[in-house]
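Below is a short briefing on one protein model, shown here with its sequence. Please read it beside the structure.

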Amino acid sequence: MIKVDGKKIAERIKSEIRTLLSDSGPKSLAIVYVGENPVIDSYVALKRRMGEEIGIRVEVMRFANDISEAELLTEISTSNEDFDGVIVQLPLPESINKDRILNAVSAEKDVDVLSSVSAEMFANGLIKKMPPVVAAVSEIVKEYDIDLSGKKIVVVGQGALVGRPVAAWLRREGREVQVFEKGGDEQALRDADVIITGAGVPGLVTADMVKEGSILIDAGTSTSSGKLAGGIDLSAYEKALIVSGVPGGVGPITVVSLFKNLF
(Lines give C-alpha, C1' and ligand atoms only; values in the text may rest on other atoms or scores of the structure.)
Protein backbone atom coordinates (compact mmCIF):
# COMPACT_ATOMS: atom_id res chain seq x y z
CA MET A 1 0.00 0.00 0.00
CA ILE A 2 1.36 3.38 -1.05
CA LYS A 3 0.26 6.29 1.14
CA VAL A 4 0.04 9.67 -0.58
CA ASP A 5 2.34 12.33 0.90
CA GLY A 6 0.25 15.46 0.42
CA LYS A 7 2.74 17.63 2.29
CA LYS A 8 5.52 16.71 -0.15
CA ILE A 9 3.33 17.62 -3.14
CA ALA A 10 2.28 20.86 -1.42
CA GLU A 11 5.94 21.86 -0.91
CA ARG A 12 6.60 21.38 -4.63
CA ILE A 13 3.62 23.59 -5.51
CA LYS A 14 4.83 26.24 -3.03
CA SER A 15 8.13 26.38 -4.91
CA GLU A 16 6.24 26.78 -8.19
CA ILE A 17 4.22 29.65 -6.71
CA ARG A 18 7.34 31.41 -5.45
CA THR A 19 8.71 31.30 -8.99
CA LEU A 20 5.44 32.71 -10.35
CA LEU A 21 5.58 35.46 -7.71
CA SER A 22 9.09 36.47 -8.75
CA ASP A 23 7.77 37.01 -12.28
CA SER A 24 4.41 38.62 -11.46
CA GLY A 25 5.10 40.78 -8.42
CA PRO A 26 3.11 40.86 -5.14
CA LYS A 27 -0.25 39.12 -4.79
CA SER A 28 -2.98 39.46 -2.16
CA LEU A 29 -5.87 37.34 -0.91
CA ALA A 30 -8.94 38.40 1.10
CA ILE A 31 -10.77 35.88 3.29
CA VAL A 32 -14.30 37.04 4.11
CA TYR A 33 -15.30 35.31 7.36
CA VAL A 34 -18.62 35.75 9.15
CA GLY A 35 -19.16 34.57 12.73
CA GLU A 36 -17.11 32.43 15.11
CA ASN A 37 -16.24 28.75 14.85
CA PRO A 38 -13.12 27.17 16.41
CA VAL A 39 -12.78 24.59 13.60
CA ILE A 40 -13.09 27.28 10.92
CA ASP A 41 -10.66 29.45 12.88
CA SER A 42 -8.02 26.73 12.47
CA TYR A 43 -8.64 26.51 8.70
CA VAL A 44 -8.37 30.28 8.32
CA ALA A 45 -5.17 30.36 10.40
CA LEU A 46 -3.72 27.63 8.17
CA LYS A 47 -4.43 29.70 5.05
CA ARG A 48 -2.88 32.77 6.62
CA ARG A 49 0.28 30.84 7.59
CA MET A 50 0.50 29.33 4.12
CA GLY A 51 0.33 32.79 2.58
CA GLU A 52 3.11 34.02 4.86
CA GLU A 53 5.31 31.04 3.93
CA ILE A 54 4.83 31.63 0.22
CA GLY A 55 5.05 35.42 0.34
CA ILE A 56 1.41 36.30 -0.42
CA ARG A 57 -0.46 38.84 1.71
CA VAL A 58 -3.56 37.34 3.32
CA GLU A 59 -6.10 39.59 5.00
CA VAL A 60 -8.93 38.07 7.04
CA MET A 61 -12.00 40.32 6.93
CA ARG A 62 -14.02 39.15 9.91
CA PHE A 63 -17.63 40.15 10.56
CA ALA A 64 -20.19 39.47 13.28
CA ASN A 65 -23.04 37.01 12.71
CA ASP A 66 -25.55 39.82 12.59
CA ILE A 67 -24.03 41.51 9.52
CA SER A 68 -26.72 42.11 6.92
CA GLU A 69 -26.58 40.54 3.49
CA ALA A 70 -26.44 44.00 1.90
CA GLU A 71 -23.47 44.99 4.06
CA LEU A 72 -21.66 41.77 3.21
CA LEU A 73 -22.27 42.28 -0.51
CA THR A 74 -20.74 45.74 -0.21
CA GLU A 75 -17.66 44.32 1.54
CA ILE A 76 -17.20 41.72 -1.19
CA SER A 77 -17.55 44.34 -3.90
CA THR A 78 -14.77 46.33 -2.23
CA SER A 79 -12.61 43.21 -1.91
CA ASN A 80 -13.05 42.50 -5.62
CA GLU A 81 -11.42 45.86 -6.26
CA ASP A 82 -8.69 45.70 -3.61
CA PHE A 83 -7.39 42.11 -3.77
CA ASP A 84 -6.10 39.66 -6.37
CA GLY A 85 -8.25 36.88 -4.94
CA VAL A 86 -11.32 36.64 -2.69
CA ILE A 87 -12.53 33.70 -0.59
CA VAL A 88 -15.88 33.56 1.19
CA GLN A 89 -15.29 31.29 4.17
CA LEU A 90 -18.16 28.83 4.57
CA PRO A 91 -20.50 28.19 6.26
CA LEU A 92 -22.41 31.47 6.35
CA PRO A 93 -25.23 32.27 8.82
CA GLU A 94 -28.64 30.95 7.74
CA SER A 95 -29.92 34.51 7.49
CA ILE A 96 -27.62 35.12 4.51
CA ASN A 97 -28.20 33.73 1.02
CA LYS A 98 -25.02 31.71 0.40
CA ASP A 99 -25.37 31.55 -3.39
CA ARG A 100 -25.95 35.30 -3.68
CA ILE A 101 -22.81 35.99 -1.65
CA LEU A 102 -20.65 33.49 -3.56
CA ASN A 103 -21.88 34.89 -6.86
CA ALA A 104 -20.84 38.39 -5.76
CA VAL A 105 -17.17 37.33 -6.02
CA SER A 106 -16.00 38.21 -9.52
CA ALA A 107 -14.99 35.22 -11.66
CA GLU A 108 -11.52 36.71 -12.08
CA LYS A 109 -10.97 36.84 -8.30
CA ASP A 110 -12.81 33.59 -7.42
CA VAL A 111 -9.90 31.36 -6.33
CA ASP A 112 -12.32 28.84 -4.78
CA VAL A 113 -14.21 28.51 -8.11
CA LEU A 114 -17.48 28.47 -6.16
CA SER A 115 -19.62 31.08 -7.90
CA SER A 116 -22.14 29.71 -10.39
CA VAL A 117 -20.33 31.49 -13.23
CA SER A 118 -16.93 30.08 -12.26
CA ALA A 119 -18.30 26.57 -11.69
CA GLU A 120 -20.02 26.54 -15.08
CA MET A 121 -16.94 27.88 -16.85
CA PHE A 122 -14.83 25.18 -15.21
CA ALA A 123 -17.28 22.39 -16.09
CA ASN A 124 -17.20 23.55 -19.73
CA GLY A 125 -13.43 23.84 -19.85
CA LEU A 126 -13.45 27.62 -20.30
CA ILE A 127 -11.00 28.50 -17.50
CA LYS A 128 -7.58 27.12 -16.62
CA LYS A 129 -7.86 27.42 -12.84
CA MET A 130 -9.31 24.45 -11.01
CA PRO A 131 -11.40 24.15 -7.84
CA PRO A 132 -8.79 23.53 -5.13
CA VAL A 133 -9.92 19.98 -4.27
CA VAL A 134 -9.96 19.06 -7.96
CA ALA A 135 -6.46 20.47 -8.30
CA ALA A 136 -5.39 18.32 -5.35
CA VAL A 137 -6.84 15.14 -6.86
CA SER A 138 -5.25 15.99 -10.21
CA GLU A 139 -1.84 16.51 -8.56
CA ILE A 140 -2.12 13.14 -6.78
CA VAL A 141 -3.00 11.42 -10.05
CA LYS A 142 0.06 12.96 -11.73
CA GLU A 143 2.47 12.46 -8.82
CA TYR A 144 1.69 8.76 -8.47
CA ASP A 145 1.28 8.11 -12.21
CA ILE A 146 -2.30 6.85 -11.82
CA ASP A 147 -3.82 5.84 -15.15
CA LEU A 148 -7.58 6.50 -14.93
CA SER A 149 -8.39 5.24 -18.42
CA GLY A 150 -10.78 2.30 -18.35
CA LYS A 151 -11.12 2.48 -14.56
CA LYS A 152 -14.44 2.22 -12.74
CA ILE A 153 -14.57 5.47 -10.76
CA VAL A 154 -17.01 6.28 -7.97
CA VAL A 155 -17.35 9.70 -6.31
CA VAL A 156 -19.10 9.71 -2.93
CA GLY A 157 -20.82 13.03 -2.23
CA GLN A 158 -22.47 15.61 -4.47
CA GLY A 159 -21.40 18.83 -2.78
CA ALA A 160 -20.10 22.00 -4.42
CA LEU A 161 -16.65 21.70 -2.81
CA VAL A 162 -15.78 18.11 -3.76
CA GLY A 163 -18.32 15.86 -5.46
CA ARG A 164 -19.70 18.03 -8.24
CA PRO A 165 -16.42 19.65 -9.37
CA VAL A 166 -14.45 16.38 -9.16
CA ALA A 167 -17.09 14.59 -11.24
CA ALA A 168 -17.12 17.48 -13.75
CA TRP A 169 -13.33 17.28 -14.09
CA LEU A 170 -13.36 13.51 -14.59
CA ARG A 171 -16.01 13.80 -17.30
CA ARG A 172 -14.03 16.57 -18.98
CA GLU A 173 -11.08 14.16 -19.01
CA GLY A 174 -13.25 11.58 -20.76
CA ARG A 175 -13.70 9.30 -17.74
CA GLU A 176 -16.90 7.51 -16.81
CA VAL A 177 -17.86 8.23 -13.23
CA GLN A 178 -20.70 7.29 -10.91
CA VAL A 179 -21.66 9.82 -8.26
CA PHE A 180 -23.53 8.90 -5.07
CA GLU A 181 -24.70 10.87 -2.06
CA LYS A 182 -23.75 9.51 1.39
CA GLY A 183 -22.50 6.15 0.17
CA GLY A 184 -25.15 5.15 -2.32
CA ASP A 185 -24.77 1.78 -4.07
CA GLU A 186 -22.43 -0.42 -1.99
CA GLN A 187 -22.02 -2.88 -4.86
CA ALA A 188 -20.79 -0.06 -7.08
CA LEU A 189 -18.24 0.79 -4.39
CA ARG A 190 -17.09 -2.84 -4.20
CA ASP A 191 -16.68 -2.91 -7.99
CA ALA A 192 -14.83 0.43 -8.15
CA ASP A 193 -11.18 0.72 -9.11
CA VAL A 194 -11.06 4.30 -7.79
CA ILE A 195 -13.12 5.79 -4.94
CA ILE A 196 -13.03 9.54 -4.23
CA THR A 197 -14.95 10.66 -1.14
CA GLY A 198 -16.33 14.07 -0.27
CA ALA A 199 -19.51 13.42 1.68
CA GLY A 200 -18.20 14.76 5.00
CA VAL A 201 -19.33 11.69 6.97
CA PRO A 202 -16.55 10.13 9.08
CA GLY A 203 -15.71 6.52 8.21
CA LEU A 204 -18.55 6.24 5.69
CA VAL A 205 -16.64 3.87 3.37
CA THR A 206 -15.53 0.76 5.25
CA ALA A 207 -13.22 -2.13 4.37
CA ASP A 208 -16.08 -4.39 3.25
CA MET A 209 -17.09 -1.78 0.65
CA VAL A 210 -13.78 -1.70 -1.25
CA LYS A 211 -11.92 -4.29 -3.25
CA GLU A 212 -8.30 -5.33 -3.03
CA GLY A 213 -5.95 -3.15 -5.08
CA SER A 214 -8.28 -0.16 -5.32
CA ILE A 215 -7.21 3.49 -5.28
CA LEU A 216 -8.75 5.51 -2.43
CA ILE A 217 -8.67 9.32 -2.41
CA ASP A 218 -10.29 10.79 0.69
CA ALA A 219 -11.40 14.42 0.49
CA GLY A 220 -14.27 14.00 2.96
CA THR A 221 -12.76 15.89 5.87
CA SER A 222 -14.82 16.23 9.05
CA THR A 223 -14.36 15.70 12.78
CA SER A 224 -14.97 12.64 14.94
CA SER A 225 -14.45 12.64 18.72
CA GLY A 226 -12.70 15.98 18.38
CA LYS A 227 -10.20 14.68 15.82
CA LEU A 228 -9.86 15.24 12.07
CA ALA A 229 -11.40 12.30 10.21
CA GLY A 230 -11.97 11.27 6.62
CA GLY A 231 -14.82 9.62 4.79
CA ILE A 232 -12.85 6.37 4.35
CA ASP A 233 -12.45 4.23 7.43
CA LEU A 234 -8.87 3.36 8.37
CA SER A 235 -9.76 -0.33 8.08
CA ALA A 236 -10.05 0.07 4.30
CA TYR A 237 -6.51 1.39 3.85
CA GLU A 238 -4.81 -2.02 3.90
CA LYS A 239 -6.86 -3.18 0.92
CA ALA A 240 -5.77 -0.24 -1.24
CA LEU A 241 -2.98 -0.07 -3.80
CA ILE A 242 -2.75 3.71 -3.27
CA VAL A 243 -4.48 5.67 -0.52
CA SER A 244 -4.71 9.40 0.11
CA GLY A 245 -5.86 9.53 3.72
CA VAL A 246 -6.85 12.14 6.28
CA PRO A 247 -4.93 14.04 7.48
CA GLY A 248 -1.92 14.72 5.26
CA GLY A 249 -3.32 13.75 1.86
CA VAL A 250 -5.66 15.97 -0.13
CA GLY A 251 -5.78 18.74 2.55
CA PRO A 252 -2.32 20.35 2.23
CA ILE A 253 -2.53 20.30 -1.58
CA THR A 254 -6.00 21.87 -1.53
CA VAL A 255 -4.86 24.82 0.59
CA VAL A 256 -1.81 25.61 -1.53
CA SER A 257 -3.90 25.24 -4.73
CA LEU A 258 -6.00 28.22 -3.57
CA PHE A 259 -2.89 30.35 -3.85
CA LYS A 260 -1.91 28.93 -7.23
CA ASN A 261 -5.30 30.10 -8.54
CA LEU A 262 -4.16 33.69 -7.95
CA PHE A 263 -2.06 33.28 -11.09
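This is a predicted model: local features need pLDDT of at least 70, side-chain atom pairs count only at pLDDT 80 or more; totals for chains, interfaces and linings use all residues.

Three topics are taken in turn: the open sheet of 3 strands, ordered β3-β2-β4, helix α6 (residues 132–143), and the largest nonpolar core, which has 53 residues.

**Sheet and strand pairing**

- The pairing in the sheet is parallel, and β3 (57–63) and β4 (85–88) are the edge strands, each paired on one side only.
- On average, neighbouring strands of this sheet are turned by 20° against each other, direction ignored.
- Strand β2 (residues 28–34) is joined to β3 by 7 bridges, and β2 pairs with β4 over 4 bridges.
- Towards β3, I31 stands opposite V60, and V32 has M61 as its bridge partner.
- Towards β4, A30 stands opposite V86.
- In general, strands of a sheet pair through backbone hydrogen bonds, either parallel or antiparallel.

- Because 7 of the 7 residues of β2 are buried, the strand is largely enclosed by the rest of the structure.
- From β2, S28, A30, V32 and V34 point one way, while L29, I31 and Y33 point the other way.
- In a regular strand the side chains alternate between the two faces of the sheet.
- Helix α2 (residues 38–54) lies across β2, β3 and β4 and runs at about 155° to β3.
- A right-handed β-α-β unit is made by β2, α2 and β3.

**Helix α6**

- The end C-alpha atoms of α6 are 16 Å apart; this agrees with the 16 Å that its 12 residues should span at 1.5 Å a residue.
- Helix α6 is mostly covered, with 10 of its 12 residues buried.
- Just after α6, D145 takes a positive phi of about 50°.

**Nonpolar cores**

- Within the largest nonpolar core, the residues with the most contacts are V166, W169, L170 and F259.
- Helix α6 gives the most to this core, with 7 residues.
- Leaving aside neighbours within four places in sequence, V166 is in contact with V133, V134, V137, V155 and I196.
- Another core, of 18 residues, lies apart from the largest one and includes A188, A207, M209 and L216.
- In soluble globular proteins, nonpolar side chains tend to be buried together.

How values were computed: Residues are numbered from 1 along each chain as its sequence is written. Side-chain values use heavy atoms; hydrogens and water are left out. A nonpolar core is a set of buried Ala, Val, Leu, Ile, Met, Phe, Trp, Tyr and Cys residues joined through side-chain atoms within 4.5 Å. Buried means under 20% relative accessible area, exposed over 50%, partly exposed in between (1.4 Å probe, protein chains only). Helices (H or I, at least four residues) and strands (E, at least two) are DSSP runs, numbered from the N terminus. Contact means heavy atoms within 4.5 Å. Two strands pair if DSSP finds at least two bridges between them. Axes are lines fitted to C-alpha atoms, for helices over the stretch in contact, and angles run from 0 to 180 degrees between N-to-C directions. The expected span of a helix is 1.5 Å times one less than its number of residues. A crossover is right-handed if, with the strands pointing away from the viewer, the path from the first strand over the helix to the second runs clockwise.
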